[in-house]
Amino acid sequence: MEWSPAVFGVEPAPNATSTPLLARFFRGLQSRMSWLILLVDDSLTTRSQLREVFEAKGARVIEAENGREGLWRARAEHADVIICDIHMPIMDGLQMIQQLRKLPEYATTPVFVLTSDATVARAAEGKKAGANAWVVKPVNPASLWKAVEKALFGKLPSAQSAGLSPSVPAPPRVDK
Amino acid sequence: MDRQVLVVDSAEGAISGVMEELDLLGFRVIWVPTLVAALEFVKASPRVSLVVASAEAGRAGGTEFLAGVKELRPTLRIIWGVRPDGVPVRQRAASLDSLIPEPIQPDTLRKTVSMLLAEYFYPSSIADAVKSAALEILGPLGDFRIEGDSFLVPNQRSLADFSSIIGFSGEATGHLMLSTGAVDAKALHRRLLPGTHSVPIERLEDMVGELCNQILGRINAFFWRHSIAIQQTTPIFMRSAGSTMRYAGRHPSFGVQLVSGQASLALEYYLADFNKSKLLVGEADQVMGIGEIRYL
């Protein structure tokens, strides 16, 4: 669903969207809406670091510690963006992304891979699996947030993540 | 790869402990009683990397031995024991790589062997890559420095409060282990996630594993630049202060001690045989930088 001032009951003046002040107003308004970000990483440290920054920016965060759990959570709640590691137990990140792209609701969801694997060859595999961006650890969480914001600009949070419809209860977490 | 060490000792036990220490470091140790026998052995076996001779053994035939070795194997490393009341060896010092006071202390021997032989197992480019990777990843967490330089580490080690091991395979195999004490881990965690007060053990353990993962990622990036393909696994966590770990390595690991204020970490990198000639190939632009966000 694309962004439009009409969504907020505002009748835009002609060429309103080209006015920098108005663009900033709607960008600010947009940033206060709750994006839902799914973090999939077996490292609790990484998930905690990102959660802290993303929640401070107003986003909501759900987590998973492997690819299989990530798929469950993605099906249960419609995430607006997914950030996932590659090397994880049970199901790795590339396998998860491939499965995710088969779901219609995730056909165009931005997917960022966040990994210590810095090789161009592996990034090419990520692209083939369906990832949109490859991020090398460690990354400054604020920089990653800017990239996420950029990917989400012009989009509205999904109806489910914005709280406009009841969410499906999350599946139970896989025991360690 | 040469991994034999010749110990020359005329009286059993004169430099006792040396053979055990060298064995722990992963060398195959051969004992001979005299320098004459040692020279014959060097002639017969091209795989000897190092000779450790006691002061007593050096009294007879030292000059002939050094002359013979210089002709046969000029790159052979020699460590000579020295007694406080022993004959000055100044005239031979130019032919020796190191003099160690007797009785030979394990730490002194390990440092000397590291200094002389580390390049055999861990060429300087790899050693530098390991150190750089650690400093690159730990940099945001404090002003880390390498304390005491790097050294060879035996395959049997005592573990710290928190350790994490990650294996890698492909065109090179081995593992990276990162260890730290509980107090150091808490200090590091405060830097990583300021504002967290009471930190459960699982989080400290996880942090060590994640740091190990990121450091290994940067080391592997070095190999990828030389077109050596490597894949790494997920971390294994160990909480076992005082316990010992031993792995069936064929040679020593490469150890680095990193310190920053109140936090310190021990890093051990083990690399099995791989195609060293690939290190001579020019670097290819096959890796991304830390924190890089590349759109696909």
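## Questions on a predicted model

Student: Happy to dig in! About how much space lies in the largest pocket?

Tutor: Keep in mind that this is a predicted model. The space in its largest pocket comes to about 440 Å³.

Student: Which residues are the closest to the centre of the largest pocket?

Tutor: The pocket is lined by 19 residues. By class, the lining holds eight nonpolar, four polar and seven charged residues. The closest to the pocket's centre are B:K111, B:S114, B:D149, B:S150 and B:F151.

Student: Which element gives the largest share of the lining of the largest pocket?

Tutor: Good one to trace on the structure. In chain B, α6 (106-121), α7 (124-138) and β7 (151-153) are the elements that each give two or more residues to the lining. The largest share is seven residues, and the element that supplies it is α6(B).

Student: Let's turn to B:L138. Is B:L138 buried or exposed?

Tutor: B:L138 sits in helix α7 of chain B. Its relative accessibility is 0%, and residues under 20% are classed as buried. So B:L138 is buried.

Student: Which residues is B:L138 in contact with, leaving aside its neighbours within four places in sequence?

Tutor: Sequence separation and distance in space can be set side by side here: B:L138 and B:L188 are 50 residues apart in sequence, with their C-alpha atoms 9.5 Å apart. For contacts, set aside the neighbours within four places in sequence, and the partners of B:L138 are B:F144, B:L211, B:L258 and B:L265.

Student: Which residues of α9(B) make the contact with α2(A)?

Tutor: By class, this contact of α2(A) with α9(B) has two nonpolar, three polar and three charged residues. From α2(A) come A:L44, A:T45, A:T46 and A:S48. From α9(B) come B:R203, B:D206, B:M207 and B:E210.

Student: Finally, what percentage of the residues in chain B is buried?

Tutor: Chain B has nine helices and 16 strands, and its C-alpha trace spans about 65 × 40 × 30 Å along the principal axes. Of its contacts between residues at least 6 apart in sequence, 73% join residues at least 24 apart. Among the 296 residues of chain B, the buried share is 52%.

Methods: Residues numbered from 1 in each chain as written. Chains lettered and ligands numbered in written order. Predicted model: local features only at pLDDT ≥ 70, side-chain atom pairs only at ≥ 80, totals over all residues. Heavy atoms only, no water. 1 Å grid on protein atoms, 1.4 Å probe; cavity = no way out; pocket = protein on both sides within 12 Å on 5 of 7 lines; lining within 4 Å. Points joined across faces, edges and corners; volume = space filled by probe spheres on them. Helix = DSSP H or I, 4+ residues; strand = E, 2+ residues; numbered from the N terminus. Nonpolar A, V, L, I, M, F, W, Y, C, P; charged D, E, K, R; others polar. Buried < 20%, exposed > 50% of the residue type's maximum accessible area, 1.4 Å probe, protein only. Contact = heavy atoms within 4.5 Å.
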